[in-house]
Amino acid sequence: MADTPMVAQYKRIKAQHMDKILFFRLGDFYEMFFEDAEIAARELEITLTGRDAGKGKRMPMCGVPYHAADSYIARLLEKGYKVAICEQVEDPKTSTGLVKREVTRIVTPGTFLDPQVLEAKKNNYLAAVAQYGTSLGMAIIDAGTGDFKVTGFNGPGQVEALRSEMLRLQPAECLYPQDDTELQQLIKELQQFFPVLPSPRREGEFSLPTSLTLLERELASVNLPEGEEFQAGACAAGAILFYLRETQKVDPIHIKGLEAYRVSDYMVIDGTSRRNLELTRSLRGDKTRATLLGVLDYTFTAMGGRTLRQWVEQPLLNKERIEERLEAVEDFVADSALRTSLPDSLKDIYDLERLMGKVVYQTATARDLLALKRSLALLPAIKEALAGVQASRLAALREALDPCTDLWQLLEDALNEDPPAGLREGNLIKTGYHQEVDRLRTMAQKGRKWLAELEVRERERTGIKNLKIGYNKVFGYYLEVTKSNLDAVPQDYIRKQTLVNAERFITPELKEWEAEITGAQDRCIELEYQLFLELRQRVAGEIERVQRVAKIIGEIDSLLSLALAAIKNRYNKPVLTTDNRIIIQGGRHPVVEQMLTDTPFVPNDTLLDSQNQFLLITGPNMAGKSTYIRQVALIVLMAQMGSFVPAKAAEIGVVDRIFTRVGAADDLASGQSTFMVEMNEVGNILRNATGNSLVILDEIGRGTSTYDGLAIARAVAEYILEKLGAKTLFATHYHELTTLANDYQQVKNYTIAVEEQGKDIIFLRKIIPGASDRSYGVHVARLARLPEAVIRRAEEILTLLEGDQDTAEEIASSGPEPVQLDLFSFQEREVLAAIQNLDPLNMTPLEALQVLVVLQSLLKGE
Ligand SMILES: Nc1ncnc2c1ncn2[C@@H]1O[C@H](COP(=O)(O)OP(=O)(O)OP(=O)(O)O)[C@@H](O)[C@H]1O
Ligand SMILES: [Mg+2]
């Protein structure tokens with residue numbers, strides 16, 4: 001059976017977009033058919049209907065109104081689909097037969113641009129990964145803002161580094177060569193941490209020569225550093241350009257350049273550490289307020305929000321650049337007038353970058369351009385407000401800020417102040433901008449005036465008081481007379497329509513004027529549409545200027561945000577050095593201090609230098625060990641992003657990397673045991689930390705038996721002390737580790753003070769030199785309201801254990817597992833010696849595991 005012509009057209013187009021949902025334009029709707037309709041009906045919860053497919057066959061169908069399509073598209077993208085938009089590319093009124101249709105745009109999670117739906121203060125990234133030679137490359141673009149970056153990785157740990165970088169950027173979609181199973185696997189793994197759509201692409205789109213040609217052709221300047229890793233990066237970047245061209249169908253002219261960077265240009269923070277430190281997401285749930293970013297974010301603009309997020313995620317290494325930011329923040333802190341006047345302008349600035357993205361992709365409406373105009377109008381005031389700033393960075397930003405007065409003037413002259421949402425309804429262009437528009441409008445106006453006069457005239461002539469003139473789409477203008485007055489209708493009225501209570505008439509004269517009016521209106525609408533397209537094209541030509549402005553606004557807003565946070569939270573300016581020391585007076589945890597409601601946060605000091613390189617912190621459960629060691633990491637990180645810090649004073653020697661290994665968190669999703677995850681992470685630290693790194697270890701070794709855990713913890717500590725020299729804070733319940741201080745003079749023992757009051761303990765939260773010999777775990781168990789019977793029994797066992805060894809053994813032999821241990825039996829010494837002689841850097845993970853199995857059986861005495 002033959003399909004109808006339209007169904008045949010549909011099938012022909014759909015065949016080229018099998019991996020997408022096809023939005024097929026039919027009049028005012030996008031319709032979906034067949035399988036697409038079934039998917040869309042289910043995912044969007046819209047009604048599935050049917051349509052005649054020719055010869056009595058029916059096909060499933062559902063549709064969404066075209067003007068509301070974006071929110072439906074967004075929902076499909078969120079669920080991991082791509083959408084192809086198929087438009088009518090000729091006017092149905094003038095075409096004969098079937099209207100021509102074409103796919104004009106493909107929307108994918110990484111190329112979605114609607115500022116209404118996207119999270120404003122977060123980039124929406126499209127990534128690509130590629131291999132070249134022995135290197136890995138990655139490129140990333142925010143198609144809305146035009147930010148385009150490339151990097152590469154080489155050597156051992158390159159996969160790890162790529163993974164970290166992807167975890168940082170969290171792209172919505174990632175392109176990879178379809179046959180590369182390794183990269184495919186990597187993206188799959190990443191899906192466990194954030195939603196990313198894998199987009200397999202043809203191998204050829206990643207080839208180096210093709211990519212380089214494409215980059216040269218599309219971008220103003222391509223300046224890639226030497227090295228195979230950047231060749232791999234170029235392959236990825238080329239694939240992105242290819243993909244953008246294919247999906248957006250217009251030149252991606254708003255991509256000004258490709259910025260090459262190395263991850264080592266910034267402080268390196270691996271994915272685990274980012275999570276542990278809760279930089280942009282909290283460990284439990286997604287409450288962003290309970291994160292470092294949440295505490296620092298007082299930005300007013302979308303650009304500022306995105307910039308600040310980047311700063312939090314990429315702290316700097318260069319002391320001068322850090323100081324530039326600090327100085328700027330200090331200026332804002334000192335100038336309260338500036339601090340209050342700037343927000344007035346900033347808060348009304350729209351998302352310039354994404355507006356310009358829409359302009360370039362030709363989806364911007366008159367309302368978008370109006371938003372652009374209103375934003376540009378605020379620039380002179382901002383420049384003016386910054387007139388008196390001292391800080392060199394702020395002065396430079398002020399100088400560079402282009403007030404774009406000419407562009408504002410153009411939009412001010414051309415654009416109507418209250419344009420409709422659509423482009424085909426007229427009212428886009430301001431009176432006085434274009435003679436012909438003005439003339440057509442006057443004509444239409446004259447016509448409408450004539451109509452009004454006609455109404456009055458005809459009422460008089462016929463004596464029908466309630467005669468009125470109306471309009472509808474089918475009959476055009478008409479004269480309406482109610483039933484009761486029908487006898488008064490004159491001869492020359494021609495009846496057109498009968499309603500329940502009235503009849504509608506026309507006259508030849510009325511029709512003549514109608515032709516005048518609608519003719520003028522139609523021509524005006526068409527002309528306004530053309531003028532608008534011209535205007536949008538001219539604005540697109542100003543892309544580079546507006547983008548520079550957006551970047552500057554983003555930076556000013558971010559610096560101001562840091563100042564506002566500093567004042568609100570009582571932060572102070574840190575001093576940056578390069579002498580590898582960290583001295584903090586009265587430091588606080590920026591997030592925990594916000595969360596405490598009824599108790600004040602107790603500040604603590606920190607000293608890390610060559611004599612105090614390794615701080616071992618023991619102390620009762622709940623005392624504040626984890627909080628303390630994280631607070632040091634966060635203060636260092638904040639200082640290096642250019643923020644004031646929660647401390648009375650701080651002197652921070654710039655660190656190159658921050659590592660954290662925290663608690664035992666199960667990672668069932670990736671099919672790894674708790675302990676395996678922990679060992680992987682520790683392995684990563686030992687392979688990558690340097691003498692300039694800061695290492696935060698919280699209870700490593702906890703995920704296995706006490707003997708194993710203690711052995712590994714001690715071996716790790718010794719390795720850090722002897723081989724790495726990294727500044728380390730190590731919180732542990734293994735009191736046995738405090739003997740490290742006897743063997744290494746740079747190890748210092750600290751504990752967190754508590755006061756015992758009978759059976760209760762009071763947490764003083766003060767860090768003091770020394771070691772704690774008790775965990776007070778039972779106290780905490782009581783606080784947590786464990787059954788009283790359990791607590792009493794635990795206390796009994798504890799007393800016996802602490803009291804005399806024989807009883808302890810008695811209990812142990814009858815109980816499941818010994819609780820307290822002698823330090824280092826014969827086997828353990830053997831194990832320790834074995835670990836000491838290992839060379840983890842030259843072992844595969846599998847070898848390491850095998851060794852671990854042997855060590856464990858040694859400890860078990862097998
Ligand atoms: N300096 C401080 N001032 C006030 N309250 C604090 C301070 N440090 C920690 N706290 C509070 O104590 C709680 C427990 O702290 P933390 O988790 O750091 O203890 P811990 O010693 O690591 O415990 P555990 O041994 O069980 O891991 C925190 O959630 C916080 O509410
Ligand atoms: Mg803890």
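The side chains of Asp36 and Lys14 form a polar contact at 2.9 Å; a polar contact is a pair of N or O atoms within 3.5 Å, where within protein one atom must be able to donate a hydrogen and the other to accept it, and residues adjacent in sequence count only if both atoms are side-chain atoms. The structure is a predicted model, in which local features need pLDDT of at least 70 and side-chain atom pairs count only at pLDDT 80 or more, while totals for chains, interfaces and linings use all residues. Residues are numbered from 1 along each chain as its sequence is written, chains are lettered from A and ligands numbered from 1 in the order in which they are written, and side-chain values use heavy atoms, with hydrogens and water left out.

- Asp36 belongs to helix 2 (residues 34–44); helices (H or I, at least four residues) and strands (E, at least two) are DSSP runs, numbered from the N terminus.
- Asp36 counts as buried because its relative accessible area is 5%, where buried means under 20%, exposed over 50% and partly exposed in between (1.4 Å probe, protein chains only).
- Setting aside residues up to four places away in sequence, Asp36 touches Tyr10, Lys14, Lys20, Ile21 and Leu22; contact means heavy atoms within 4.5 Å.

**The chain as a whole**

- The protein chain contains 30 helices and 27 strands.
- Along the principal axes, the C-alpha atoms of the protein chain fill a box of roughly 125 × 75 × 65 Å.
- Of the 862 residues in the protein chain, 52% are buried.
- Among contacts between residues at least 6 apart in sequence, 69% join residues at least 24 apart.
- The accessible surface of the protein chain is about 39400 Å², and 51% of it belongs to carbon and sulfur atoms; such areas come from the Shrake-Rupley method with a 1.4 Å probe, and for residues only the protein chains shown count as cover.
- The protein chain carries 101 positive and 123 negative side chains, and the centres of the two sets are 7 Å apart.
- In that count Lys and Arg are positive and Asp and Glu negative, with His and the chain ends not counted; each charge is placed at NZ of Lys, CZ of Arg, CG of Asp or CD of Glu.

- A side-chain N or O atom of Asn621 is 3.2 Å from an oxygen atom of ligand 1.
- A backbone N or O atom of Ala623 is 3.3 Å from an oxygen atom of ligand 1.
- A side-chain N or O atom of Arg765 is 3.1 Å from an oxygen atom of ligand 1.
- On its own, ligand 1 has 640 Å² of accessible area, and the protein covers 78% of this.
- Arg765 lies in strand 27 (residues 760–769) and has a positive phi near 65°, in a residue other than glycine.
- Arg765 counts as partly exposed because its relative accessibility is 31%.

**Helix 13**

- Helix 13 (residues 352–360) is largely enclosed by the rest of the structure, because nine of its nine residues are buried.
- The buried residues of helix 13 include Leu352, Arg354, Met356 and Val360.
- Among the elements that these buried residues pack against are strand 8 (135–142), helix 10 (302–313) and helix 19 (508–540).

**Residues in loops**

- Thr111 sits in the loop between strand 6 (101–107) and strand 7 (126–132) and is buried, with a relative accessible area of 2%.
- The side chain of Thr111 forms a polar contact with the side chain of Thr108 (2.9 Å).
- Beyond its neighbours within four places in sequence, Thr111 has contacts that include Ile106, Glu173, Tyr243 and Gln248.
- His67 occupies the loop between strand 4 (57–65) and helix 3 (69–78) and is exposed, with a relative accessible area of 63%.
- Asp265, in the loop between strand 12 (259–260) and strand 13 (268–269), is partly exposed at 41% relative accessible area.
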